[in-house]
Amino acid sequence: MPSDPLRTVEEVATRLNVSPQFVRDHATRCEPLIPCVRIGSLLRFRDVDIDTFIEQQLQAPPFRRRRRQ
């Protein structure tokens, strides 16, 4: 049963056009969480999870800034 290759933090960062630190943060502690596979201290990502993450963000409500008082 062939499986999709697991992607590195750097590969996911390139695909999302964000920094590797953003990917690490959102895989481990920040919302929205990017689903990941932990292998020891390494983080790896499945293509299907990244696709789902992108779709969820496209459906999320728009970002709203707080007004300064």
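Predicted model: local features only at pLDDT ≥ 70, side-chain atom pairs only at ≥ 80, totals over all residues.

Biologist: Which hand does the crossing of H1 and H3 have, left or right?

Modeller: The H1 and H3 crossing is right-handed.

Biologist: Which residues in H1 and H3 meet?

Modeller: H1 brings Val-12, Arg-15 and Leu-16. On the H3 side they meet Asp-47, Ile-50, Asp-51, Phe-53 and Ile-54. By class, that contact has five nonpolar residues, three charged ones and no polar ones.

Biologist: Let's stay with Asp-47. Where is Asp-47 found?

Modeller: In helix H3, which covers residues 47–59.

Biologist: And what is Asp-47 in contact with, leaving aside neighbours within four places in sequence?

Modeller: Arg-7 and Arg-15. With Arg-7 there is a polar contact between the side chains, at 3.0 Å.

Biologist: New topic, H2. Which residues of H2 are buried?

Modeller: H2 spans residues 20–28, and its buried residues are Val-23, Asp-25, His-26 and Ala-27.

Biologist: What covers the buried residues of H2?

Modeller: The cover includes H1, strand E1 (37–39) and strand E2 (42–44).

Biologist: Now the loop. Where does Val-18 lie?

Modeller: Val-18 sits in the loop between H1 and H2.

Biologist: Why does Val-18 count as partly exposed?

Modeller: Because its relative accessibility is 28%. Buried would need under 20%, and exposed over 50%.

Biologist: What is Val-18 in contact with, apart from neighbours within four places in sequence?

Modeller: Ala-13 and Val-23. Val-23 is also one of the buried residues of H2.

Biologist: Zoom out. How many helices and strands does the protein chain have?

Modeller: Three helices and two strands. From the N terminus on, the order is α-α-β-β-α.

Biologist: How much of the protein chain is buried?

Modeller: Buried residues make up 22% of the 69 residues.

Biologist: And what does the accessible surface come to?

Modeller: About 5900 Å² for the protein chain. Carbon and sulfur atoms hold 51% of that surface.

Biologist: Last one. What share of the contacts with a separation of 6 or more comes from residues 24 or more positions apart?

Modeller: That share is 41% in the protein chain.

Terms used. Residues numbered from 1 in each chain as written. Heavy atoms only, no water. Helix = DSSP H or I, 4+ residues; strand = E, 2+ residues; numbered from the N terminus. Polar contact = N/O pair within 3.5 Å; in protein donor to acceptor, adjacent residues only side chain to side chain. Contact = heavy atoms within 4.5 Å. Left-handed = near helix turned anticlockwise from the far one by under 90°. Nonpolar A, V, L, I, M, F, W, Y, C, P; charged D, E, K, R; others polar. Buried < 20%, exposed > 50% of the residue type's maximum accessible area, 1.4 Å probe, protein only. Areas by Shrake-Rupley, 256 points an atom, 1.4 Å probe, with all protein chains shown as cover.
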